[in-house]
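Q: Please take a close look at one part of this model. Start with the chains, then go into detail.

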Amino acid sequence: MEKQVKQETVAYNGDEAVAFAAKQCDVDVVAAYPITPQTIIVEKFSEYVANGEVQTEFVCTESEHSAMTACLAASVTGARTFTASASAGLALMHEMLFVTSGSRAPVVMAIANRALSAPLNIHGDQSDSIAERDSGWIHIYVENAQEAYDSIIQAFKIAEDVGVSLPIIVGLDGFTISHTLERVDVLPEDAVKQYVGERQLPNVVTQEGKTVPFKLDPDNPMTMGPNALPNYYFEFKRQQEEGMRNALKKIQEVNSEYAKISGRSYGNGLVDAYKLEDAEVAVVCIGSTAGTLKVIVDQLRQEGVKAGLLRLRTFRPLPVEELRNGLKNIKAIAVMDKSISFGGFGGPVFNEIRHVMYDAKEHPLIVDYIYGLGGRDTSPRDLRRIFEDLMQIAKTGHAETQVQYWGLRE
Amino acid sequence: MSQEKSWKEISMAGVCSKSSVGFLTGDWKTYMPVRDLEKCTLCLTCVMFCPEGAIKWVPEKGQIWFDMDFCKGCGICANECPTKAITMKMEKE
């Protein structure tokens, strides 16, 4: 890449990379409550505040519900707002997640993905944020600490776009990414500040017919969070959906713009395809498992197997066209779900992928592997066996079972 | 509600879509307060208790006035009136 900025290589775990990115983005307000495996993010950030390295107002709240409420309130004044949470903390925010997205407040939140109780478990799976699928937040899931750093910077650019104006979750797998020390290339602070820029505000028309920026401002008083009865509520929800549709374009745009300064991009920002063009068998997954899967794909390719991988980076808005195009020529697809939808037909990601492929001209065989719940490790050998299953399915044109639990003692 | 707007025409997140002054909550009511002028002593207890601010004291006229556009018919005024000058009647009657 030509216009790359000179970067420094540092050793950060995923959480530290997230905190450092938020610092460089010149965040105005952080309101947060600590929870494993996210704690390092707010701990590190509060250090920046204590050391005077940032001008951020750091609000220590008594719960995550209050943290999200404070973030919403800060965001609607026009402040750049950031928070982080996980598991039970995110679950406690549930109510306010909808108020935040409905209020079109572009809060950026890092989620160090962790299992939900009960039984109590602090380890990584994606049940927490996947359960917030319909909360109106954009969902981006990253593969490693480097992408966590890059995605937080991109997240402000996406969420604060006037056509989008929606909050965004950046999900990083608990412990696998959050606590693992990795090499991370970081941009100089001025380059990040220049790239992210000042927060832009959409315009709204007041009761008096004046066009003013969308923010709480004593000079231009406006009602925020009003009630909307059956005659208007639906229209506002449709508006929100338009923000999501705009995000589909914006995420791609941001991905390629960011590549120009950093030299790094993640597929087209929505899906990250690996050796998929001529693949006969492929795995679809979210998050860090993709890293290990790339190694397996390389091994299988050397052995002459046409294996491929599609990492779904943006879960909401769902990149329907990209998924359909990427997967159309595959014979057998395994979807990997690090969360479970009790009583459903397979996991949440499986549902999306099968649903998307329903209208495709060629129907690939699609099976689901629910795996890694409560932080159960997934070894390269386990992943290789999934491809072996797929080769068998592709050969026979038949799958014995649609949904399997991978790595479970039967 | 006339001339309802499409989702493309309304301001973001419900902001300023309508001032609350233009939102006539009075049409929620089933019962309406009726004042007996002979019993009323103009003590203004009802003015203070009305949760909607729908009972107005008009000093120029030395009278109170019920704003039916905003009275939800809750009956608190009738309950609090020390002289029982206010009774709640079905609005339709």
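**Chains, then a helix pair**

A: Chain B puts 14 residues in contact with 21 residues of chain A (C-beta atoms, placed from the backbone, within 7 Å). The side of chain B that touches chain A has 7 nonpolar, 6 polar and 1 charged residues. (Ala, Val, Leu, Ile, Met, Phe, Trp, Tyr, Cys and Pro count as nonpolar, Asp, Glu, Lys and Arg as charged, the others, Gly among them, as polar.)

The model is predicted: local features need pLDDT of at least 70, side-chain atom pairs 80 or more, while totals for chains, interfaces and linings use all residues. Residues are numbered from 1 along each chain as written, with chains lettered from A and ligands numbered from 1 in written order.

Now the helices (DSSP runs of H or I, at least four residues, numbered from the N terminus). In chain A, α1 (residues 14-24) packs with α6 (residues 145-159). Their axes lie 8 Å apart, at an angle of about 25 degrees (lines fitted to C-alpha atoms over the stretch in contact; angles run from 0 to 180 degrees between N-to-C directions). That makes α1(A) roughly parallel to α6(A) (under 35 degrees). The crossing is right-handed (near helix turned clockwise from the far one by less than a right angle).

Which residues touch? From α1(A) come G14(A), A17(A), V18(A), F20(A), A21(A), A22(A) and Q24(A). From α6(A) come A145(A), A148(A), Y149(A), I152(A) and I153(A). This contact has 10 nonpolar and 2 polar residues. No charged residue takes part.

How values were computed:
Helix = DSSP H or I, 4+ residues; strand = E, 2+ residues; numbered from the N terminus. Parallel < 35°, antiparallel > 145°, perpendicular 65-115°, else oblique. Contact = placed C-beta atoms within 7 Å.
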